Amino acid sequence: MYLRSVELLSDKVENPDQYPFHIPAIQSLQRLEFRNNITFFVGENGSGKSTLLEGIAHQCGFNTAGGGRNNFYEMDASESSLGEYLRLSWLPKISKGFFMRSESFYQFASHVDEVGSLEYYGGRSLHEQSHGESFLNLFVNRFNSKGIYLLDEPEAALSPARQLSLLRILYDLSDHSQFIIATHSPILLGYPGADILNFDDSRIQEMAYEETEHYQITRSFLENRKRMLDELFKD
């Protein structure tokens with residue numbers, strides 16, 4: 001494991017009532033420690049999980065539009081609003097890695113085509129593959145050396161079967177790499193032994209897999225589909 005903790009430099013924040021510092025999970029952030037090679041961020045949209053992940057990517061020197069240290073391209077609204085206010089602690093310090101943003105993956109794929117580095121992504125344009133294929137090819141071909149990998153909702157283009165494939169990739173790489181993943185997927189969250197950090201309360205706190213809303217709602221739906229749908233569609 002490489003990244004040991006992230007700390008909010010609250011003394012640098014001039015207006016704590018402005019975004020993103022008014023988000024409860026960010027507002028209460030002091031020092032967040034990482035004790036596992038695989039950590040999941042969970043919470044509703046707007047809870048701050050992607051904002052913190054992007055801030056970590058900024059401090060790692062990765063392109064916050066998506067990519068690593070050597071991926072130079074620009075995209076609107078890709079600048080981190082939190083990154084300058086974070087301090088990362090490392091043991092040891094590592095510079096290799098990647099920030100994967102599902103929402104800007106198309107722009108990243110276009111960048112790869114422009115610079116002509118297809119050999120690092122399976123030898124074929126990511127645009128010439130299905131969305132799910134291109135995601136998995138990125139994971140298999142780009143995440144092949146020790147580093148820190150930050151993934152923002154990687155399940156967005158993955159079928160349940162391919163989410164299982166991603167779990168296997170995490171398993172194969174976790175002995176020499178660190179992953180921090182923001183996700184809504186109950187499949188990915190089921191990775192054995194991973195730490196799950198919940199952003200939905202007033203402060204970030206660890207929780208068990210079975211305590212997550214993702215697990216509880218999915219299980220309830222699968223076991224009581226008719227009852228839940230009848231309740232949902234009731235006039």
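**Close-up 1. Strands β6 and β7 side by side.** Five bridges join β6 (residues 148–152) to β7 (residues 178–182) in a parallel pairing; strands count as paired when DSSP finds at least two bridges between them. Look for L151, whose bridge partner in β7 is I181. Helices (H or I, at least four residues) and strands (E, at least two) are DSSP runs numbered from the N terminus. This is a predicted model, in which local features need pLDDT of at least 70 and side-chain atom pairs count only at pLDDT 80 or more, while totals for chains, interfaces and linings use all residues. Residues are numbered from 1 along each chain as its sequence is written, and side-chain values use heavy atoms, with hydrogens and water left out.

Close-up 2. Step back, and six strands make up an open sheet with mixed pairing, running in the order β5-β6-β7-β3-β8-β9. The edges belong to β5 (97–101) and β9 (205–206); each has a single partner strand, so one side of each lacks a neighbour in the sheet. Helix α4 (residues 131–142) packs on the sheet, where it touches β5 and β6; contact means heavy atoms within 4.5 Å. The direction of α4 makes about 175° with that of β5, using lines fitted to C-alpha atoms (for helices, over the stretch in contact) and angles from 0 to 180 degrees between N-to-C directions.

**Close-up 3. Helices α7 and α8 crossing.** Here the axes of α7 (residues 213–223) and α8 (residues 225–232) come within 5 Å and cross at roughly 105°. That makes the two helices, α7 and α8, roughly perpendicular, a label for angles of 65 to 115 degrees. On the α7 side, the contact is made by S220, F221 and E223, and α8 brings R225, M228 and L229. Of these contact residues, three are nonpolar, one is polar and two are charged. Ala, Val, Leu, Ile, Met, Phe, Trp, Tyr, Cys and Pro count as nonpolar, Asp, Glu, Lys and Arg as charged, and the others, Gly among them, as polar.

Close-up 4. T51 sits in helix α2 and is buried, with a relative accessible area of 10%. Not counting residues up to four places away in sequence, T51 touches Y19, P20, I23 and L82. Y85 belongs to the loop between α2 (49–60) and β4 (86–90) and is partly exposed at 23% relative accessible area. Buried means under 20%, exposed over 50%, and partly exposed in between (1.4 Å probe, protein chains only). Beyond its neighbours within four places in sequence, Y85 is in contact with E7, L8, L9, K12, V13 and F21.

Notes:
Angles under 35 degrees count as roughly parallel, over 145 as roughly antiparallel, 65 to 115 as roughly perpendicular and the rest as oblique.
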